[in-house]
Amino acid sequence: MNEAVSPFKGLSLDCRGMKCPRPIIEIARHIAEVRIGAAVELLADDPAAGPDLAAWCRMRGQTLIGADPPRFLVRRES
Amino acid sequence: MTDPVPEVFLDSSSGEPMLSAARQAWLVAQEAGWGDPARLHRSGRLAAQALDQAREVVAAAVGARPDEVIFTASAAHSQHAAVAGLALGRRRIGSRIVTTAIDHSSILAAAAAAGSHTAVEVDHEGHVDLGRWSAAVGTSGTAAACIQVANHEVGTLQPYAEASEICLHAEVPLILDATSALGRIELAKSGWSVLTAWAGAFGGPASVGILVIKKSTRWRAPYPVDDYQSGRWPGAPDVPAIYAAAVALDYWLQYGRAVGERQHDLIDQLRAGILERVPDVDVTGDPVRRVPHLLTFSVLYVDGETLTLELDKAGFAVASGSACSASSEHPSHVLAAMGALTHGNVRIGLTWTTTATEIDRFLDVLPPIVTEIRTTVGAS
């Protein structure tokens, strides 16, 4: 969590108000826009966003480096 | 005009369709044993006999005495009575209830209502962390602990014999929730103080809950009682429904072994087939140490409600633990606690009659539905 920076200067996806799986679809569509090793910020307030983002990272080989709802940070690994 | 697609019912986790033996027994009991079992007339005596027989069947199945068996109105009623009754009986010791994080929501609600509630973490397959269980149970002020034989969503068997040893050592009474397991797998006949189950889970009437309280247990009725069922559950019992429940359980115990073996193999085929044919899918639960009939999986980028409705159109009735598809804003607490994907969730519960042909057809139908939904939402 110490890698989290604020305010976030990289790619940020505002998915507040969206229901899962939409926030997960959005990060999947946009994560390739940052270089490997860089982070993407996801803002999502759906109660399923926390568990689903963690599960998505595990399934897709990415790393969840910050989770402070509604703010999440994911590092692109592949 | 084409015939509608015949529905294949794969939602036994919401209730096994009533076995015909149980339905017949209900009709017979309605004719002969409809009287109040406390009355001395012939109908009353017949009802009392049927009730005694039902208690004997349940007692033999769980390793209890017939007079320790109580029939309630549902699984939730049994679970609420188990938790609240132990909290009341042991109120001088404390009001903490220890559960796992993936117990049924009615247990979690009863634990929260009792006072303080500790929910012990589970691993990715749903097994409780025994180290944390031991620490929680051993904390002073613990009124009772509760564990499932098998989880109702993902089927994983808990290490309940080990959990029970820990409770015994700490002198904390254990509630064993056998709802998804009774009749389907062999149960340990000791090590628990209170056992809960539900007839609807094994093809009996949904209106019959089972509550077994061992004699030495410090349990007190947390509600007003009367003379029925030794003062442990009030109101005249619905004897025909209870009798039908016992016949359903007896039927499983006599003839269910081959059904369970077939279901175990079918779930293995489903698990392998889904992983092979659907990319980006999270198949949850312990693949080996599990009840025979349950499987849960979640499909990435797919909405659970849409998936459930599309499967229904294709002729398959399934459940889902995703938010919005279970009349809840929140996803399944079981999936969340296990770190499983909660959207795109499908919960399969095989029935007594599920065939290999039906499972093959499900595996044919599922991949194109998933592809179509992913294409529609722009996630293909």
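Student: Which strand does T100(B) lie in?

Tutor: T100(B) lies in strand β3 of chain B, residues 96-100; strands (E, at least two residues) and helices (H or I, at least four) are DSSP runs, numbered from the N terminus. This is a predicted model, in which local features need pLDDT of at least 70, side-chain atom pairs count only at pLDDT 80 or more, and totals for chains, interfaces and linings use all residues. Residues are numbered from 1 along each chain as its sequence is written, while chains are lettered from A and ligands numbered from 1 in the order in which they are written.

Student: Is T100(B) buried or exposed?

Tutor: T100(B) is buried, because 30 other C-beta atoms lie within 10 Å. The cut-offs are 20 or more other C-beta atoms within 10 Å for buried, 12 or fewer for exposed, and partly exposed in between, with C-beta atoms placed from the backbone.

Student: And what is T100(B) in contact with?

Tutor: Leaving aside neighbours within four places in sequence, T100(B) is in contact with A119(B), V120(B), V122(B), V128(B), I147(B) and Q158(B). Contact requires C-beta atoms, placed from the backbone, within 7 Å. The C-alpha atoms of T100(B) and D129(B) are separated by 8.7 Å, with the two residues 29 apart along the chain.

Student: Next, the largest nonpolar core. How many residues does it have?

Tutor: The largest nonpolar core has 141 residues, and V83(B) and A248(B) have the most contacts inside it. Such a core is a set of buried Ala, Val, Leu, Ile, Met, Phe, Trp, Tyr and Cys residues joined through C-beta atoms within 7 Å. Helix α7 of chain B, residues 239-277, gives the largest share, 16 residues.

Student: Where does this core lie relative to the domains of chain B?

Tutor: It lies between domain 1 (8-16 + 256-376) and domain 2 (20-251), because both give residues to it. Those bounds come from an automatic or database domain assignment.

Student: What does V83(B) touch?

Tutor: Beyond neighbours within four places in sequence, the contacts of V83(B) include I97(B), I107(B), A144(B) and I175(B).

Student: How many residues of domain 1 of chain B are in contact with domain 2?

Tutor: 25 residues of domain 1 are in contact with 26 residues of domain 2 in chain B. On the domain 1 side, α7, β10 (294-299) and α9 (333-338) of chain B each give two or more residues, and α9(B) gives the most, with 4 residues. The centres of the two domains, taken over C-alpha atoms, are 27 Å apart.

Student: What does β10(B) pair with?

Tutor: β10(B) pairs with β12(B) in the antiparallel sense over 5 bridges; pairing needs at least two DSSP bridges between the strands. T296(B) stands opposite R347(B) in β12(B).

Student: How covered is β12(B)?

Tutor: Strand β12 of chain B, residues 345-349, has 5 of its 5 residues buried. N345(B), R347(B) and G349(B) are on one side, with V346(B) and I348(B) on the other.

Student: Switching to chain A. In what order do its elements run?

Tutor: From the N terminus on, they run β-α-β-α-β-β. The radius of gyration of chain A is 11 Å, close to the 12 Å that the globule rule gives for 78 residues, so chain A is as compact as a globular protein of that length. That radius is taken over C-alpha atoms, and the rule is 2.2 Å times the number of residues to the power 0.38.

Student: How many residues of chain B are in contact with chain A?

Tutor: 22 residues of chain B are in contact with 14 residues of chain A.

Terms used
Two residues are in contact if their C-beta atoms, placed from the backbone, lie within 7 Å.
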